[in-house]
Amino acid sequence: MQTKIDIVLLVLLLMLIVAGVLAIYTASATRIGEDLHVRGQYLRQLIWIALSLAAMVMLVRIPYRILEIFFMPMYVMTLLLLGLVLLFPAIGGAHRWLLLGPLRLQPSELAKLVTVLAAAKLLSKPHLKHGQMLLRAVLVCGLPAILVAIEPDLGTALVFGAVFLAVLLASGFPMLYVFLLVSPLISVLTVLSWPLFVAWMLILVLILYRNKLTVPIISIIGVVNVFVFLVTPVLWRNLKPYQQNRILTFLDPGRDPLGAGYQTLQARIAIGSGGMTGKGFLLGTQKNLEFLPERHTDFIFSVVGEEFGFIGTMLLLTLFVLLLLRILRVIGQLQQRQHRIIATGVFAYLAFQVLVNVSMNLGLMPITGLPLPFISYGGSSLMVNTLGVAMILKVFQEKSFAK
Amino acid sequence: MSSSDRTITGVLRLFLLVGFATLASYLFNLQVVRGSYYQGIAENNYVRLVRVPPVRGEIFDRRNRPLVVNIPTTNLYITPGRIENRQLLTRFLQRHLGVSAVELEELLFENRFNPHGDALLFANVPFNICVRIAENQNYYPSLSFRRENGRRNLIPAHFLGYIGGIGEEEYQRLAALDYKRNEFLGKAGLEKTYELLLRGEAGYEVRQVDARGMSLDLLRHNLQKGPKPGLQLMLTIDLELQNYTRELLSPYERAAAVVIDPRTGGVLAWVSQPEFDQNRFMRRISNQEWQELMDNPARPLLDRVLQGTYPPGSVFKPITASLGLERNVITPDEKLASCNGGMQVGNRWFACWNEHGHGRSALTDAIKVSCDVYFYDLSSRLDLDDWQEWTRQNGWIDETGIDLPSQRSGFFPNSDWYIERFGRDISLRGHKVNLAIGQGEALTSPLHVCCYYAALANGGTWRTPHFFRKVIGENASSVNQAFAPEQRRLPISERTLSVLREGLWKVVNEERGTGQVAQVEGAVVYGKTGSAENHQGELTHAWFVCWAEWNEPEIAVTVFMENAGHGGSVAAPVAKQILDYYARNMRTNP
């Protein structure tokens with residue numbers, strides 16, 4: 001058996017993991033004056049890194065056709081775990097963790113990868129009609145999304161949306177149809193301004209017309225979009241005040257600096273005050289003085305921004321971009337549909353989480369509770385993300401046997 | 001690989017790059033373009049300017065014995081915005097501190113615009129109550145204790161005054177002088193007059209705090225402006241004489257005594273009876289306590305030396321006499337109407353205090369025996385308006401300018417005053433008869449009287465009475481900087497002065513003088529008795545004013561007792577004891 005590994009991808013992965021340990025170390029440290037106090041989170045993360053790398057090595061060594069057998073059983077088991085997690089006591093208002101002695105496992109993290117694998121299995125069957133494809137994709141992504149949304153963990157549920165679009169695209173579903181599926185979402189976003197909506201509708205109709213769709217289909221799509229546009233304000237009015245507040249606070253964090261907007265504002269201050277070169281390793285004042293919430297998890301990017309400045313954030317983002325571009329390059333080389341679906345799915349949820357998490361740190365998106373892959377503290381997330389990349393390494397290795 | 005697959009990776013690559021480019025541009029704007037702006041905010045986040053209140057200057061007597069000192073106290077503050085259960089809190093405060101629901105309501109209403117500031121709820125909380133409140137403090141997050149400097153008056157003397165929390169009106173007026181809400185300031189007495197000297201200057205500390213506002217003690221030592229303590233105040237008061245005088249007056253229900261050094265105007269002792277413990281005002285005084293003080297018929301809050309205005313009675317006679325001499329309507333040797341126990345003026349009989357009569361007297365003898373008839377007769381030769389002006393010029397009406405707040409002026413009527421009250425055709429004759437002996441509408445305070453006699457003792461030079469001797473400590477200023485006593489010549493000639501002094505000498509030193517009790521061995525004592533009739537009771541107010549000279553006049557004493565009887569028999573013995581005490585204990589030990 002030839003073990004051909006994409007060394008570049010592996011090195012990028014390891015660099016990100018090392019960056020993550022450094023970030024978690026400083027995020028869990030409090031340095032006041034000469035007095036340095038470090039909590040043990042980085043040590044636990046080191047153990048998880050060791051476990052994840054070991055799992056990755058094992059996974060790469062197992063033949064693909066054996067792995068493939070476990071895709072669907074794993075998926076079913078994960079769905080059961082997602083159901084089970086709802087029975088565990090809530091932590092911080094959400095039923096997100098399975099408590100196994102000292103371990104806290106997050107099945108929703110596992111679900112991301114497993115869903116991609118199940119989708120690959122289901123959507124790579126030959127001779128599927130478009131309708132069948134859509135139905136399978138909706139089912140395979142929808143079930144975990146709903147269970148996760150119940151926890152509630154809206155951010156993670158959205159990840160399944162990104163996975164859904166990615167696996168559809170990768171399995172050969174026409175891009176135009178994907179575009180049509182997304183179009184109502186864009187209509188919702190245009191709700192704030194009439195002219196924007198009109199312009200968007202013109203573009204939509206033009207695209208449909210250019211692709212030679214029939215008039216009835218164009219009109220159905222048009223009606224759906226107009227309907228969504230009209231209904232959104234009604235739905236808004238039916239939202240509870242706290243829900244409206246959460247969205248309004250996202251739009252303008254300054255309106256409630258000590259309440260809902262506090263985290264966003266403090267994160268923005270942390271990143272902004274880092275300046276070009278940052279305040280130095282361990283020296284972030286926002287972090288040390290605990291102005292910054294969730295320092296080692298959701299807002300770890302702010303710690304990086306504060307202590308390493310623009311240079312640090314750009315380095316980190318560049319690492320991510322290189323990793324994701326490398327994955328895209330791998331996807332381009334894959335021959336089999338199943339492999340492509342796996343790689344694209346993993347790409348989708350990694351890219352989605354990075355973009356959403358960084359946007360959230362910058363105050364560009366509402367706070368959703370999505371971790372930054374490889375950087376945020378959390379064993380389940382690290383393990384699953386590493387295994388995701390390992391799957392890509394695995395299918396890249398497999399392509400040599402395909403022909 | 002199909003072309004559509006290539007398109008897919010192309011689209012994903014496009015999405016990815018657009019997404020990251022957007023984030024990068026935001027980061028550039030946030031960190032590079034607006035970096036210094038956010039650095040400023042981050043610093044504001046953790047840097048707090050903390051005000052460090054100064055230590056108030058203490059007050060000492062003329063020989064450095066403390067009168068008012070600072071003591072550590074525990075004050076209870078309330079933060080209205082953090083009240084969780086108002087009902088429970090009200091009951092809790094009622095039980096442990098006796099703060100009624102209404103009082104709490106008022107306090108919260110006063111602070112309604114400042115819900116996150118602390119308001120002083122109870123000053124000087126006793127230790128055992130502190131403990132009981134602290135035990136339950138987690139149920140009442142709105143309550144907090146602060147260890148602060150409290151104030152303690154070591155003797156209950158009216159002139160010391162007291163400090164209290166700044167009121168809304170005072171705050172509006174004084175905010176420019178760096179006064180803060182919850183700050184204490186002098187509310188009465190010397191504490192109020194010398195507020196700015198005693199107060200000192202607040203310092204500021206830059207402290208680094210964490211997200212919960214806890215100080216980290218980092219910048220504390222290198223970035224601070226220390227507070228400047230207030231100046232220590234040395235008074236002209238002599239604590240021993242003060243205490244001795246208090247003791248002498250303590251048997252009397254309502255009385256006053258003031259001792260002045262005529263050479264300087266400095267007050268040596270100042271007692272108003274009944275006294276009250278001003279320290280009660282520096283705790284939170286309960287409504288009941290306040291009501292008791294207000295309802296007490298002896299009016300303990302009144303400083304009788306300063307604010308009591310009484311008919312002066314016979315101690316006023318030198319004013320009448322000196323006006324007669326100065327206007328040349330009498331000569332010192334001229335004998336006026338014969339006293340046979342009284343005098344008929346118009347259709348009314350005006351009695352002399354001595355029903356057996358004094359016969360005909362010249363001026364100094366009339367003063368010696370305090371013959372009323374002499375002055376009745378004299379009054380007919382005086383012009384009322386001129387008389388009022390004369391009284392004013394001799395310092396019996398206007399405020400003395402002493403370094404205490406809220407003095408009352410004396411009163412002496414003029415003809416307009418009577419016309420306004422009784423109509424044009426009023427006859428002033430009878431009123432003048434009364435005024436001549438310090439009765440009728442004439443009113444004055446013991447302080448006014450004492451200052452006048454001190455001026456007579458001092459060769460006719462009137463000096464502003466004062467407590468201020470000097471400040472002790474850094475940047476000490478002398479009396480002239482902080483308090484400038486005036487001195488002016490009474491409007492009397494040397495001749496008139498010597499006649500008055502002769503009369504006053506006779507009062508104490510000659511046979512039949514009304515104040516012979518006040519003789520002191522080795523000293524020359526001058527004095528005047530007074531027994532002022534009044535509408536407060538059957539007994540007259542007893543007055544005795546005197547001064548003692550050795551080589552020069554050293555001490556002037558005024559003793560006044562409400563409704564206690566005759567000045568010569570009641571007030572004079574007390575004054576004599578004060579003079580004796582001074583002669584025995586203080587002359588050897590100046």
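Chain A is divided into domain 1 (7-172 + 263-396) and domain 2 (174-238), with bounds that come from an automatic or database domain assignment. Taken over C-alpha atoms, the centres of domain 1 of chain A and domain 2 of chain A are 32 Å apart. Seven residues from domain 1 of chain A and six residues from domain 2 of chain A take part in the contact, where contact means heavy atoms within 4.5 Å.

This is a predicted model, in which local features need pLDDT of at least 70 and side-chain atom pairs count only at pLDDT 80 or more, while totals for chains, interfaces and linings use all residues. Residues are numbered from 1 along each chain as its sequence is written, chains are lettered from A and ligands numbered from 1 in the order in which they are written, and side-chain values use heavy atoms, with hydrogens and water left out.

Between them, domain 1 of chain A and domain 2 of chain A bury about 480 Å², 90% of it on carbon and sulfur atoms; buried area is the accessible area (1.4 Å probe) that two parts lose on being put together, summed over both. Of the area that domain 1 of chain A buries against domain 2 of chain A, 69% is supplied by His130(A), Leu165(A) and Leu169(A), more than by any other three residues.

There are zero salt bridges between domain 1 of chain A and domain 2 of chain A (a side-chain nitrogen of Lys or Arg within 4 Å of a carboxyl oxygen of Asp or Glu).
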